[in-house]
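Hi everyone, thanks for coming. I'd like to walk you through one protein today, going from the overall layout down to single residues. Have a look at it first, and then we'll start.

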Amino acid sequence: MDIEKEKEIKKELQLLKKSFSDLEGRKSKAANDICEELAALKVEMRYLKIEFSERGSVDEMPQGAYSILRTSPYFQNYLNAAKTYSTLYKQILDLYPKEVAQVKEAEELDDLQKFLKQTSK
């Protein structure tokens, strides 16, 4: 992994840990472990999005005398990472009482929308 990516992951990790710093004990440990995965996924998604934005979400694959169109591997990996990110994030939210989880989820949606707008420019 390159140094730039590691710096981005550390930055994301700090933001995520700050967001979930109000958890205590075992829940805090579980959240920190999940945050490490979330940070790496978010940075990887950023790079994947750049790739499929430049190349498109559909790829032409040569098959001998002809070629076929398929979903770009970058786009497919992005979609898989987004699903995993959502699942892991939900696991952290499940550590909170229901009312707190709803507030945290709304905050993350705002952050995710900002992220998507930034990377789509």
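Reading along the sequence, the pattern is α-α-β-β-α-α. That gives four helices and two strands. Please keep in mind that this is a predicted model. The protein has 121 residues, and 30% of them count as buried.

Let's begin with helix H1. H1 has 17 residues and reaches 25 Å from its first C-alpha to its last, close to the 24 Å expected at 1.5 Å a residue. Which residues of H1 are buried? They are Lys 5, Glu 8, Ile 9, Glu 12, Leu 13 and Leu 16. Looking down the axis of H1, you'd find these buried residues within an arc of 140°, so they line one face of the helix. If you're new to helices, here is the background: an α-helix has 3.6 residues a turn, so residues three or four places apart point the same way. The exposed residues on the other side of H1 are Ile 3, Lys 7, Lys 10, Lys 11, Gln 14 and Lys 18. And what covers the buried residues of H1? The cover includes H2 and H3.

One is Glu 12, in helix H1. Is Glu 12 buried or exposed? Its relative accessibility is 10%, and buried means under 20%, so Glu 12 counts as buried. Setting aside neighbours within four places in sequence, Glu 12 is in contact with Ala 39, Lys 42, Val 43 and Arg 46. The other is Lys 5, whose charged end sits over the ring of Tyr 47, 4.8 Å from the ring's centre.

Now to helix H3. The buried residues here are Tyr 78, Ala 81, Tyr 85, Leu 88, Tyr 89, Ile 92 and Leu 93. Around the axis they cover an arc of only 140°, which puts them on the same side of H3. Gln 76 also belongs to H3, but Gln 76 is partly exposed, with a relative accessible area of 33%. In space, the C-alpha of Gln 76 is 8.3 Å from that of Ser 57, although the two are 19 residues apart in sequence.

Let's zoom in on Phe 20, in the loop between H1 and H2. Phe 20 is buried, with a relative accessible area of 4%. Leaving out neighbours within four places in sequence, the residues in contact with Phe 20 are Cys 35, Tyr 89, Ile 92, Leu 93, Tyr 96 and Lys 104.

Some of those names bring us to the aromatic rings. A pair of aromatic rings is described by the distance of the centres and the angle of the planes. How many aromatic pairs are there? The count is five. Take Phe 20 and Tyr 96: their ring centres are 6.2 Å apart and their planes lie at 45°, so this pair is tilted. The two residues are 76 places apart in the chain, with Tyr 96 in the loop between H3 and helix H4 (98–119). Both of them are buried. Ring pairs also link Phe 20, Tyr 85, Tyr 89 and Tyr 96 into a cluster.

My last stop is Lys 104, in helix H4. Lys 104 is buried too, with a relative accessible area of 11%. What is Lys 104 in contact with, leaving aside neighbours within four places in sequence? The answer is Ser 19, Phe 20, Asp 22, Tyr 89, Leu 93 and Tyr 96. For Lys 104 and Leu 93, 11 residues apart along the chain, the C-alpha separation is 7.2 Å.

That's my tour, and I'm happy to take questions.

Methods
Residues are numbered from 1 along each chain as its sequence is written. This is a predicted model: local features need pLDDT of at least 70, side-chain atom pairs count only at pLDDT 80 or more; totals for chains, interfaces and linings use all residues. Side-chain values use heavy atoms; hydrogens and water are left out. Rings of Phe, Tyr and Trp (its six-membered ring) pair if their centres lie within 6.5 Å; planes under 30 degrees apart count as stacked, over 60 as edge-to-face and the rest as tilted. Buried means under 20% relative accessible area, exposed over 50%, partly exposed in between (1.4 Å probe, protein chains only). A charge sits over a ring if NZ of Lys or CZ of Arg is within 6 Å of the ring centre and within 35 degrees of the ring normal. The expected span of a helix is 1.5 Å times one less than its number of residues. The arc is that of the directions from the helix axis to the C-beta atoms. Contact means heavy atoms within 4.5 Å.
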